[in-house]
Amino acid sequence: MHSALAVANQLFERAQQARLSLTGGQLQCLCYFAHGLRLALVNLPLLDETVLADRDGISIPSITRLGLHGGRPVPQLLTEVRPTAAGLLDGMQARLRTLID
């Protein structure tokens with residue numbers, strides 16, 4: 001399992017490489033989707049914390065505590081620590097392609 005911040009940082013960097021901007025809400029949704037995708041593909045969780053969902057949407061506590069939610073843009077990486085989830089996301093992408101093809 002990986003910290004939600006590490007996964008969020010990796011997703012944020014990929015969005016930047018594609019010249020896309022993300023809001024806090026979008027980033028939390030992407031983390032939630034990646035977490036669910038890994039559960040579906042290999043029956044292992046991606047995130048090391050609980051993801052909350054209610055009528056207001058998805059909330060990952062460590063990201064929400066940084067004030068990143070809703071339509072607020074994500075201005076930079078969430079921590080000084082480099083992400084550790086890079087290879088994991090690549091592996092999930094390759095596995096998903098084999099299932100689709």
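Helices (H or I, at least four residues) and strands (E, at least two) are DSSP runs here, numbered from the N terminus. The model is a predicted one, so to speak of local features a pLDDT of at least 70 is needed and side-chain atom pairs count only at pLDDT 80 or more, while totals for chains, interfaces and linings use all residues. Residues are numbered from 1 along each chain as its sequence is written, and side-chain values use heavy atoms, with hydrogens and water left out.

On confidence, pLDDT (the predictor's own score for each residue, from 0 to 100) averages 81 over the protein, and 77% of the residues score at least 70.

Some overall numbers come next. The accessible surface is about 6300 Å², with 56% of that belonging to carbon and sulfur atoms; areas come from the Shrake-Rupley method with a 1.4 Å probe, and for residues only the protein chains shown count as cover. Of the 101 residues, 38% count as buried, where buried means under 20% relative accessible area, exposed over 50%, and partly exposed in between (1.4 Å probe, protein chains only). As for contacts (heavy atoms within 4.5 Å), residues 24 or more positions apart account for 71% of those with a separation of 6 or more.

Helix 2 covers residues 24-42, 19 residues in total, and reaches 27 Å from its first C-alpha to its last, close to the 27 Å expected at 1.5 Å a residue. That expected span is 1.5 Å times one less than the number of residues. Its buried residues are G24, L27, Q28, C31, A34, H35, L37, R38 and L41.

Two of these, L27 and C31, turn up again in the largest nonpolar core, a set of 19 residues in which L27, C31, L47, I60, I63 and L78 have the most contacts. Helix 1 and helix 2 each supply at least two residues of this core, and the largest share, seven residues, comes from helix 1. A nonpolar core is a set of buried Ala, Val, Leu, Ile, Met, Phe, Trp, Tyr and Cys residues joined through side-chain atoms within 4.5 Å. Leaving out residues up to four places away in sequence, L27 touches A8, L11, F12, L22, V74 and L78.

Then there are the cysteines. With a disulfide taken as a pair of cysteine sulfur atoms within 2.5 Å, the count comes to zero. C29 is in no disulfide, and the nearest cysteine sulfur, that of C31, is 9.4 Å away. C29 is partly exposed at 38% relative accessible area. C31 is in no disulfide either, the nearest cysteine sulfur being that of C29, 9.4 Å away; C31 is buried, at 0%.

Finally, the backbone has a couple of positive phi values. R19, not a glycine, has a phi of about 60° and lies in the loop between helix 1 (4-17) and helix 2. R19 is exposed, with a relative accessible area of 78%. N43, which follows helix 2, also has a positive phi, near 60°, without being a glycine. This residue is found in the loop between helix 2 and strand 1 (52-54), and at 64% relative accessibility N43 counts as exposed.
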